[in-house]
Amino acid sequence: MAGAFKGCQKIRGPQLRNLLEAKDFILLDCDGVLWHGEKAVTGAATVVNSLIRNGKHVVFVTNNCTRPREKYVHKFSRLGFTDVMLEQIFSSSYCSALYLRDVVKISGQVFVMGCEALRSELQEAGVPCVEEVEDPDATIYNCPLAPDVKAVLVGHDDKMTFLKLAKASCYLRDPDCLFLATDIDPWHPLSGGRILPGSGSLTAALEVSSGRKATVIGKPSRFMFECISSQFEGVDPAKCLMIGDRLETDMLFGANCRLDTMLTLTGVSQTKDAEEYRDSELTTNHSFVPDYIVDSIADFLPAFEEQDEQSN
């Protein structure tokens, strides 16, 4: 199981039911696993609600930092996931706030190169952020730089400007200023074959301009799992299953945390991608290989239907 290389086992029926029975914690990615935009994956809400009602600890681990946790609760409810509570949601923005507040105990301000939702999550945790005043005439030559900036945090930013990048680069000239990234996802799929650059693309730009490497908070970093372990009792990696749609993020996260992993084919990565990593001569590529593959999270439904029949 976790820690021993195998991989890409297509699983269904009794095998899937037996696997679920052996797990106490189910960790789920959201985008590409449970929904696409505002459309839930068919059967996903029923599966999640059934997992919770059958006593499983269901936790949502997402690198999407574009909405605070309260809005995630509303989205879950809106799409039919009626049993989801706030404390089950671990986003990269929420975990970044915990890292700054509880781990490094930040004593100054944080310069956020990210969206309003990310700033909101930090402020909710009591982490002070640099207040930016828009000035269309400002340049890096004449703009003021905030005092006492002790960290730069990069996340998704659809209002990214050259001036933000330049300011962040200046703050990171101070070796005592922390350089953090919510995640390093390079891009996200959109409809019609288009893509949206992710936080990883902005982080890469700042790494080049600053000459420094960012500390990553979200998947595939272990810190998100450490957040879960600190807030739930009895989290045993051997009793956890990580389900996601991206090999380089979700499966690597599971491998880093010694969890069994499952790839759903409703998102970014497909079976051929996993098999290429599995058959690679580079052993480091094996960390991207899922233990199990299902077509969709809806493949869980027969297991619950059998349970319902046995209980009647």
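This is a short talk through one predicted protein model, from the whole chain down to a few single residues.

Okay, the housekeeping. The model is predicted, so local features need pLDDT of at least 70 and side-chain atom pairs count only at pLDDT 80 or more, while totals for chains, interfaces and linings use all residues. Residues are numbered from 1 along each chain as its sequence is written, and side-chain values use heavy atoms, with hydrogens and water left out.

Let's start with the whole chain. We've got eleven helices and 15 strands; those are DSSP runs numbered from the N terminus, H or I of at least four residues for helices and E of at least two for strands. The radius of gyration is 20 Å, close to the 20 Å the globule rule gives for 312 residues, so the chain is as compact as a globular protein of that length. For the record, that radius is taken over C-alpha atoms, and the rule is 2.2 Å times the number of residues to the power 0.38. Along the principal axes, the C-alpha atoms fill a box of roughly 70 × 45 × 40 Å.

What share of the 312 residues counts as buried? It's 51%, where buried means under 20% relative accessible area, exposed means over 50%, and partly exposed is in between, with a 1.4 Å probe and protein chains only. The accessible surface is about 14,600 Å², and 52% of that belongs to carbon and sulfur atoms. Areas come from Shrake-Rupley with a 1.4 Å probe, and for residues only the protein chains shown count as cover.

Now contacts, meaning heavy atoms within 4.5 Å. Take the ones between residues at least 6 apart in sequence: 73% of them join residues at least 24 apart. On charges, there are 31 positive and 44 negative, and their mean positions are 1 Å apart. Lys and Arg are the positives, Asp and Glu the negatives, with His and the chain ends not counted; the charge sits at NZ of Lys, CZ of Arg, CG of Asp or CD of Glu.

Let's go inside. Phe90 is in strand 6, residues 89–91, and it counts as buried at 0% relative accessibility. Leaving out residues up to four places away in sequence, Phe90 touches a list that includes Val59, Phe60, Val61, Cys95, Met224 and Phe232. Phe90 and Val61 are 29 residues apart in sequence, and 5.0 Å apart C-alpha to C-alpha.

Phe179 sits in strand 9, residues 178–181, and is buried too, at 3%. Among the residues that Phe179 touches, again skipping those up to four places away, are Val152, Leu172, Leu206, Arg212 and Thr215.

Helix 2, residues 44–53, is mostly covered, with seven of its ten residues buried. Those include Ala44, Val47, Val48 and Leu51. An α-helix has 3.6 residues a turn, so residues three or four places apart point the same way.

Over to Thr82, in the loop between helix 3 (69–78) and strand 6. Thr82 is exposed at 53%, and touches Asn49 and Arg53, not counting residues up to four places away. Its side chain also makes a 3.2 Å polar contact with the side chain of Asp83.

Most residues other than glycine have a negative phi, and most peptide bonds are trans. Here, the bond joining Lys219 and Pro220 is cis, with omega about 10°, and Pro220 is in the loop between strand 12 (215–216) and helix 8 (223–231). Asp148 has a positive phi near 60°; Asp148 is partly exposed at 44%, in the loop between helix 5 (116–124) and strand 8 (149–154). Arg258 also has a positive phi near 60°. Arg258 is in the loop between helix 9 (247–256) and strand 14, and is exposed at 52%.

That's my tour, thanks.

Note on methods. Polar contact = N/O pair within 3.5 Å; in protein donor to acceptor, adjacent residues only side chain to side chain.
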